[in-house]
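Here's a quick briefing for anyone opening this structure for the first time. Have a look at the picture, then read on.

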Amino acid sequence: MNPSGGLFWHLHAWRHQAQWAAACDDIAQWLGEMPPSKDKAPELVIVGASAGWMMPSDWLQSFATVTTFDLDRWAAPLFRLRHGAALRASNTALHCNTADALTDLDAVLQAHPRALVLFDNVLGQLRFHTPSVDEASRRITSITERMHGRRWGSVHDAFSGRTQRRTGTASAPIMQRSVQAPAPAATSTSPSAQSAARPVALGRFSRQLHAQGEWLDHLTDHVFPAGTPVHHIAWPYSPDYCHWLQAGWVTP
Ligand SMILES: C[S@@+](CC[C@H](N)C(=O)[O-])C[C@H]1O[C@@H](n2cnc3c(N)ncnc32)[C@H](O)[C@@H]1O
């Protein structure tokens with residue numbers, strides 16, 4: 001069973017499109033801030049594309065070629081169903097692959113040497129695909145190290161957990177921006193040193209999420225190099241469970 005994709009995920013995403021609209025608008029705004037390409041025919045590679053439930057077709061239309069990867073066998077046909085017509089209209093070539101693009105990342109990067117690479121809500125899922133949290137952290141570090149010298153971006157879970165049940169009229173917290181802080185030195189790993197580095201706006205954002213109890217850490221704290229501009233997005237996965245997404249673009 002796929003712990004972060006599969007039919008249950010597609011059904012859940014399809015049913016919650018209206019509740020996710022504000023989060024998708026925030027993601028669309030961030031996607032629109034991607035680093036510019038010097039290529040006349042820019043290429044995009046999406047890892048963990050699923051059916052592209054949370055991205056707009058018109059952003060994909062700005063590429064000459066879009067190549068997707070996902071482990072889930074339903075992802076490719078559903079991605080084509082959701083975005084295929086728009087991509088045909090913009091003459092964007094679409095290649096959908098059912099494959100493990102993280103284990104084979106070096107081969108993917110070699111096959112697409114100039115592409116912008118988007119990790120699309122997949123790095124925060126690795127703790128569910130890996131036997132231990134230490135191993136998941138090591139995998140994330142090794143993936144981001146291999147992206148050195150490339151244009152890439154990621155939107156991923158930072159934390160997730162229970163919230164006060166939202167009513168239909170409750171407004172979502174607005175997107176916040178910060179800059180990735182350097183990884184704390186070995187001598188300053190105390191929680192107070194880490195929270196001191198956290199911008200005030202993020203403290204306000206976390207309160208606006210109305211968290212209940214302890215939230216799950218998705219181990220993505222240091223996906224981005226220090227200095228990367230990071231967007232913080234509230235994603236109300238279900239009425240009483242919310243994900244705190246982080247999104248950023250990295251340039252060489
Ligand atoms: C939360 S979903 C992504 C949602 C998607 N970005 C969207 O907007 O619909 C995470 C996806 O990552 C995929 N995935 C997990 N590990 C993967 C890997 N090693 N290679 C490719 N896809 C992977 C899962 O199958 C799942 O479809």
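Predicted model: local features only at pLDDT ≥ 70, side-chain atom pairs only at ≥ 80, totals over all residues.

**Strand S5 and its partners**

- With strand S4 (residues 116–120), S5 pairs in the parallel sense, over 4 bridges.
- There, Phe119 faces its opposite number, Ser154 in S5.
- How many of the 11 residues of S5 are buried? The count is 9, so strand S5 (residues 152–162) is mostly covered, given that a residue is buried if 20 or more other C-beta atoms lie within 10 Å of its own.

**Around the ligand**

- The ligand is surrounded by 26 residues, and the closest are Gly5, Gly48, Ser50, Trp53 and Leu102.
- Sorted by class, that shell holds 13 nonpolar, 9 polar and 4 charged residues.

- Most residues other than glycine have a negative phi.
- Ser50, one of the closest residues to the ligand, is not a glycine, yet its phi is positive, at about 50°.
- You'll find Ser50 in the loop between strand S1 (43–47) and helix H3 (57–60).
- Is Ser50 buried or exposed? Ser50 is buried, because 27 other C-beta atoms lie within 10 Å.
- Asn91 isn't a glycine either, and its phi is positive too, at about 60°.
- Asn91 sits in the loop between helix H4 (75–89) and strand S3 (93–98).
- Asn91 counts as exposed because it has 8 C-beta neighbours inside 10 Å, and the cut-off for exposed is 12 or fewer.

**His112 and its contacts**

- His112 is another loop residue, placed between helix H5 (105–111) and S4.
- His112 counts as partly exposed, because it has 17 C-beta neighbours inside 10 Å.
- Which residues does His112 contact, leaving aside its neighbours within four places in sequence? They are Glu43, Val45 and Thr67.
- Take Glu43: it is 69 residues from His112 in sequence, while the two are 8.1 Å apart in space, C-alpha to C-alpha.

Terms used
Residues numbered from 1 in each chain as written. Near = placed C-beta within 6 Å. Nonpolar A, V, L, I, M, F, W, Y, C, P; charged D, E, K, R; others polar. Helix = DSSP H or I, 4+ residues; strand = E, 2+ residues; numbered from the N terminus. Pairing = 2+ DSSP bridges. Contact = placed C-beta atoms within 7 Å.
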